[in-house]
Amino acid sequence: MFYVLLGFLLIRVGVGLLNLMLPPRLKRQELKELPTVSILIPARNEAANLPHLFSQILGLRYPKLEVIVLNDQSEDATEAILQQYAQAQPEIHYINGQPLPQGWLGKNWACHQLGERATGDYFLYLDADIHRLDPAIIPTTVHYMQRLGTSLISIFPNQIMQTSGEKWTVPIMHYLLLSLLPLWWIYRLPFPSMAAANGQFMLFKAQDYRQYKWHEQIKSVIVEDIAIMQKIKAAKLKGMTFVGSGLIFCRMYQSLDEGIQGFSKNILSGFGNSMIGLCVYLVLIILGWAWVIPQLTVLEAGLSLGLILALRVMISYLAQQHIIENIIFHPIQMALMVWIGGLSIYKKFRGKNEWKGRNVQLPQP
């Protein structure tokens, strides 16, 4: 058992090294010709986030910009805030979303409606919890899209974490991502299985989006970002996913409970809805070690802990997260990952997976 666990750990360290050697980071760029960019924001109960997000978007000072926000059946002051900004800022427009049709999940339906309304050369989907945008973000990502010839560029933003609960849960996302997939393989290998993306930032070539209607293709999928990247690669188009590179910051969750509920909504879907796959993964990186560690020699334990430490340092560096904090909190994060995985499986059996007041798990036919 130890050698199985060690082998999987060595594979993950190798993936981390590949990401370190070929860092999936963006370097600031400028554009000679400025295309029109449509920033598209699905907003459900986002009254607390929208004013700050609008200040960041307006601070971009990009001259060819349209901003469209869809009020997705919000139950708070979202619509009032949208009315206020739409009246004061000519770049900002909003629409009220249509009722959710059968067979659609809420965010996918909202994004589809936004895509039907947008007029730009590029569609930039942003989540409302984006906290900071560097003015170079649009020129840089459009430059990379043109240079690489991609249909989609996605970014995992730098994560702002203020509470202990956030620091215990949010780094799990990068720990999974950067130890399982060399991100440049997304671009360089044609296999749809080599896919990752983040719905917080997704920049589409509008011509392709209008032709393929990506959100309609994955209308019932919870983890829509990865599914869209898979569809893009299946269509023989190119996509690429980067880490934040200091150009975009997000505060995903603001408490331990939000982190647990948010990740438990998605983690099983990230494993292809395979409960066996998720359980095997948890055994290989956490539960199996808890069983074998008491039986290891000093040399075996030292080697294992050294590799885990090296992996943690590499991923924290790539994600631009606090290295010492992630090392200290590593046992807590791993324990919470087991809890999140178990909760995700429980929600699957229960048939109820709620987020923002709606069930995001459709009934099985």
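**Exercise 1.** Work out whether E166 is buried or exposed in this predicted model, then find what surrounds E166.

*Solution.* Start with the relative accessible area of E166, which is 0%. Buried means under 20%, so E166 counts as buried. Last, skip the neighbours within four places in sequence, and E166 still touches I160, M161, P171, R251, Y253, Q254 and S255.

**Exercise 2.** Classify the ring pair Y144 and F242, and say which parts of the chain the pair ties together.

*Solution.* The ring centres of Y144 and F242 are 5.4 Å apart, which passes the 6.5 Å limit for a pair. The planes meet at 65 degrees, and since over 60 counts as edge-to-face, that's our label. Now look up the elements: Y144 is in helix α5 (residues 137-148) and F242 in strand β9 (residues 239-243), so the pair links parts 98 residues apart in sequence. Y144 and F242 are both buried.

**Exercise 3.** Do the classification again for Y253 and F263.

*Solution.* Here the centres are 5.4 Å apart and the planes at 75 degrees, giving edge-to-face. Y253 sits in the loop between β10 (248-250) and α12 (256-270), while F263 is in helix α12, so the parts tied together are ten residues apart in sequence. Y253 and F263 are both buried.

**Exercise 4.** Find which charged residues sit over the rings of Y317 and Y187.

*Solution.* For Y317, go to R25: its charged end is over the ring, 5.0 Å from the centre. For Y187, it's K238, lying over the face at 4.8 Å from the ring centre.

Key:
Residues numbered from 1 in each chain as written. Predicted model: local features only at pLDDT ≥ 70, side-chain atom pairs only at ≥ 80, totals over all residues. Heavy atoms only, no water. Buried < 20%, exposed > 50% of the residue type's maximum accessible area, 1.4 Å probe, protein only. Contact = heavy atoms within 4.5 Å. Phe/Tyr/Trp six-rings, centres within 6.5 Å; stacked < 30°, edge-to-face > 60°. Helix = DSSP H or I, 4+ residues; strand = E, 2+ residues; numbered from the N terminus. Lys NZ or Arg CZ within 6 Å of the ring centre and 35° of its normal.
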